[in-house]
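Dear colleague,

Please find below the structure that I am handing over to you. My findings follow it.

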Amino acid sequence: MAIRYSIECWITGPDGDVLLLQVPARPGRNEAFWQPVTGGIEAGETPLQAALREIREETGLDLGETRLIEIATGITVAIAPTLTIDKTLYVASTPSTAVTISPDEHQNHQWLPAAKVTEALYWDSNRDTWKLISQHRRGSGPA
C-alpha cells in the first residue's frame with residue numbers, strides 16, 4: 001500500500017473565525033466541498049516547511065513558523081484500498097483575513113465561526129481533525 005505524507009492546517013483569524021477553502025466539483029468524482037489548508041509534503045521538506053508553503057500557495061498568507069502549532073502527527077486516512085494519507089495536523093492564527101486563493105486549487109474561501117465549521121465540512125476525515133483542533137482551542141487537547 002502506498003503512503004502519501006501530507007499536512008492539514010486550520011487557520012483562525014483575529015476574531016476567532018476559521019478559514020475554509022472551497023475545492024471545485026470534479027464531474028464523476030465529487031461535488032464542490034470545503035476544507036482547511038491541505039497538501040502534500042515534498043521531497044526534502046519537513047512537515048512544518050510543507051505547511052508554511054501550502055499556506056502561502058493556497059491563501060497568500062505568509063505566516064512565520066512561530067504562528068503554527070503542531071497538534072498531531074501520524075493521522076492516517078485510507079483514500080483507496082491502495083493509498084493511505086499520513087497527516088501532520090497544525091493550527092495557526094493570523095492577524096489578517098485578506099486571503100488570495102490559488103485558482104488552480106480552490107474556487108472560494110470563507111471565514112466561519114467555529115460553531116459552524118463541522119456542518120460545512122464534506123469529508124469525515126476533516127470533521128475528525130476539526131474535533132482535535134476544537135479540543136486544543138478549548139485547552140483540553142494536546143499541546
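**Findings**

Asp17 is buried, since its relative accessible area is 18% (buried means under 20% relative accessible area, exposed over 50%, and partly exposed in between, with a 1.4 Å probe and protein chains only). The model is a predicted one, in which local features need pLDDT of at least 70 and side-chain atom pairs count only at pLDDT 80 or more, while totals for chains, interfaces and linings use all residues. Residues are numbered from 1 along each chain as its sequence is written, and side-chain values use heavy atoms, with hydrogens and water left out.

Asp17 belongs to the loop between E1 and strand E2 (18–23); helices (H or I, at least four residues) and strands (E, at least two) are DSSP runs, numbered from the N terminus. Apart from neighbours within four places in sequence, Asp17 is in contact (heavy atoms within 4.5 Å) with Ile11, Thr12, Trp111, Leu112 and Pro113.

Strand E1 (residues 2–12) contains Glu8. Glu8 is buried, with a relative accessible area of 1%. Its side chain makes a polar contact with the side chain of Trp10 at 2.9 Å. A polar contact is a pair of N or O atoms within 3.5 Å; within protein, one must be able to donate a hydrogen and the other to accept it, and residues adjacent in sequence count only if both atoms are side-chain atoms. Not counting residues up to four places away in sequence, Glu8 touches several residues, including Pro36, Lys87, Tyr90 and Asn126.

Val91 lies in strand E6 (residues 83–93) and is buried, at 8% relative accessibility. Among the residues that Val91 touches, leaving out those up to four places away in sequence, are Cys9, Trp10, Leu68 and His136. Val91 and Ile101 are 10 residues apart in sequence, and their C-alpha atoms are 19 Å apart in space.

The search of the whole structure finds 4 aromatic pairs. Rings of Phe, Tyr and Trp (its six-membered ring) pair if their centres lie within 6.5 Å; planes under 30 degrees apart count as stacked, over 60 as edge-to-face and the rest as tilted. The rings of Phe33 and Tyr122 are stacked, because their centres are 5.3 Å apart and their planes are at 20°. Phe33 lies in strand E3 (residues 33–35) and Tyr122 in the loop between helix H2 (117–120) and helix H3 (124–137), so this pair ties together parts 89 residues apart in sequence. Phe33 and Trp123 form an edge-to-face pair, 5.5 Å centre to centre with 80° between the planes. Phe33, Tyr122 and Trp123 form one aromatic cluster.

Yours sincerely
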